[in-house]
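Open the model in your viewer and keep the selection tool at hand. The stops below say what to select and what is there.

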Amino acid sequence: MPTIRVRLMAVLALPCGFLAVTGPPSATAADPTPSPADSLWFDGAPLTVQGGRLADGQGREIVLRGYNVSGEAKLEENAGLPFASVADAEKSATALRALGGGNAVRFLLSWAHAEPVRGQVDTAYLAAVTAQVRAFLDAGVRVYPDFHQDLYSRHLFTAGSWYTGDGAPEWAVDAGRYPAESCGICLFWGQNITQNAAVRQAQYDFWHNDHGLQDAFLATARTTMAYLRQHLSAAEFAGIAGFDPYNEPYAGGYDPGQTSRTWERDLLWPFYERFRARMDAAGWQDKPAFVEPNLFWNADIAAQKQEGGLLDAGTLGPRYVFNTHFYDQKAISGILMWGKAADGRYATDFGAVRDRAAAAGTAAVVGEFGHPLSGTVSDKAPTVLKAMYQALDSRLPGARWWSDPAASGPVLSGTQWQWDLYDGRHHELMNGNPGKVRTSGDAWNDEDLSAVRLDDSGQVALRQDARLLDRLYPSATAGTTLAFTYEDRSRDGSDTLTWNPVPGTLPHVARLVGSGRYGLLVWRSGSGSAPTELHLPASFPTASTTVVSDLGTVYAPPAYTAATPVGVAPEPGGTGSRRLLLGDTDSGVLHYALVTDGATAPSADLLNAARSELATWATAHF
């Protein structure tokens, strides 16, 4: 929900557990295919939840970073698909990996297009979805699908409406006989969630399974998941991280005596349990459900905040991941936050996500975050996004990180909203009205949050600073992450933002880093034999990258081999993206690694001095 505008997912369904399918005949299971190009022996294992973290088959902690693909699926111009063609999906996947630094996507699906007629799933739509999902899997990008919804359904709105929605099919809206939609005096589209009677009643009906809507949706979801399971090879299916059952749930209205917390307990959580059963029946029993709490549980405007966070669901892991969204609604409002974001602005907000996931015994994912890139508050975007990525990396402000690194907390997974190839080039008839053709931004309720666009030559181009988006991060940690920070030196116009400078108490480390970027990972080794991995930004050429670690100190690291403790290798997918691999042969031992692009041919003396300072610092704090 970027803004005080929020997005709420509408799902609709059938009263029975089995659905007929329309479209081309169902294909047989896909032939086995090899793992993505450039894969090594430890790549390609399915993800599970272990010890409150996402983990691969080697027991390494996995961090998912990427984008939502994409808001295009909310539009009609490409029939509810994120891309007009598989070729566009392949182009996007390659760029997302090589330019955006992503290793995961939240892949939006449309219930309205999956089940346009009640009880009949359109396999032509599912086949197109599968082909586009495969483009990302082949690029080494993990995928978790999401049957998306906002304001329940576009079919609640008319050709003359000021706003639109997405999600539920037309037949589901017809079943409810809802009043004419009206938001009254609304400045933001998200106000429809709580002020538009038609939207509220439709949401309420879904959660109470009126007209069999929830039954119908669950049947559609099961058929969709079974189709994906059947038509992806085993290697491809291993790249499916899980499934997000419902986007930004909200009650629509509370019954007498009901609270937001009891609504989660009595209606939302039972729905997730029912969805989980459909996952199991569809062959997804080893994959977690990425479940979202009441969308207002972590609102940063006090008047909007509601008690929640799945507080009464008990232990979620390993069958569920705690999946939440965060937007700075004060910054988006234009009036509740003057100025720009600064160091540590979201440390408390993202710390609450870590704490809630830990209490639930599972991993956390921030499934959406972002900020408008045009309009009156777009000048805040560089600092807001830097502060959000900082909070994903660590629960500490930069000003405290070096003095208290043990409090850094786990590195959070997150998928930014959004990655829309067609930004500014849409042709969307809003609510089917040929007099309201939307072309600019996201072409949906005046939003504009895409990190990318196509340039005039048809190539994918970033709309935000590459230093901000393509980041150093620990994509796989062989053991337990103790602390991580990354100073991206991203820019706000002509100003370089430095929120975590190396302190003067480590003079040789500060000299080595200089004005360059750096990341520092501290971890305790596990019992597996696969190495720790950090994604290397495209702007970190191997030839000018310096690594200072207890495992080895090197300028311009060599190609990775099993005998190389510090080396560089391509990331899976053949897109040209790279990773730094750090191998150890011990268990339960403290390790650290500083990675920087700030040095030019540093002397052995400087490298050794920096290593000595880091060793002393690490021992003192861990």
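Predicted model: local features only at pLDDT ≥ 70, side-chain atom pairs only at ≥ 80, totals over all residues.

Tyrosine 67 sits in strand E5, which covers residues 65-69. Is tyrosine 67 buried or exposed? Its relative accessibility is 1%, so tyrosine 67 counts as buried, the cut-off for buried being under 20%.

In sequence, valine 105 and tyrosine 67 are 38 residues apart, yet their C-alpha atoms are 5.1 Å apart in space. Valine 105 is one of the residues in contact with tyrosine 67 when neighbours within four places in sequence are left aside; others include Leu96, Ala104, Tyr389, Trp419 and Leu469. Glycine 100 is also in contact with tyrosine 67. Which atom of glycine 100 does the side chain of tyrosine 67 reach? The side chain reaches the backbone oxygen, at 2.8 Å.

A search of the whole structure gives 40 aromatic pairs. Phenylalanine 369 and tyrosine 389 form an edge-to-face pair, with 5.2 Å from centre to centre and 85° between the planes. This pair links distant parts of the chain: phenylalanine 369 is in strand E11 (residues 364-369), tyrosine 389 is in helix H12 (residues 381-393), and the two are 20 residues apart. Phenylalanine 369 counts as buried because its relative accessibility is 0%. Tyrosine 389, at 4%, counts as buried too.

Now move to another aromatic pair, tryptophan 617 and phenylalanine 622. These rings are also edge-to-face, 6.1 Å apart centre to centre, with 75° between the planes. Here tryptophan 617 counts as buried at 7% relative accessibility, whereas phenylalanine 622 is partly exposed at 25%.

The largest pocket has a volume of about 470 Å³. To find its centre, select Gly44, Arg97, Gly140, Arg142 and Pro572, the closest to it of the 28 lining residues. Helix H3 (123-138), helix H8 (234-237) and strand E17 (473-477) each give two or more residues to this lining. By class, the lining has 10 nonpolar, eight polar and 10 charged residues.

The last stop is the second largest pocket, with about 280 Å³ of space. Of its 21 lining residues, Gly52, Arg53, Ala364, Pro410 and Val411 are the closest to the centre. Which element gives the most to this lining? The answer is H11, with four residues. By class, this lining has 11 nonpolar, five polar and five charged residues.

Note on methods. Residues numbered from 1 in each chain as written. Heavy atoms only, no water. Buried < 20%, exposed > 50% of the residue type's maximum accessible area, 1.4 Å probe, protein only. Contact = heavy atoms within 4.5 Å. Polar contact = N/O pair within 3.5 Å; in protein donor to acceptor, adjacent residues only side chain to side chain. 1 Å grid on protein atoms, 1.4 Å probe; cavity = no way out; pocket = protein on both sides within 12 Å on 5 of 7 lines; lining within 4 Å. Points joined across faces, edges and corners; volume = space filled by probe spheres on them. Nonpolar A, V, L, I, M, F, W, Y, C, P; charged D, E, K, R; others polar. Phe/Tyr/Trp six-rings, centres within 6.5 Å; stacked < 30°, edge-to-face > 60°.
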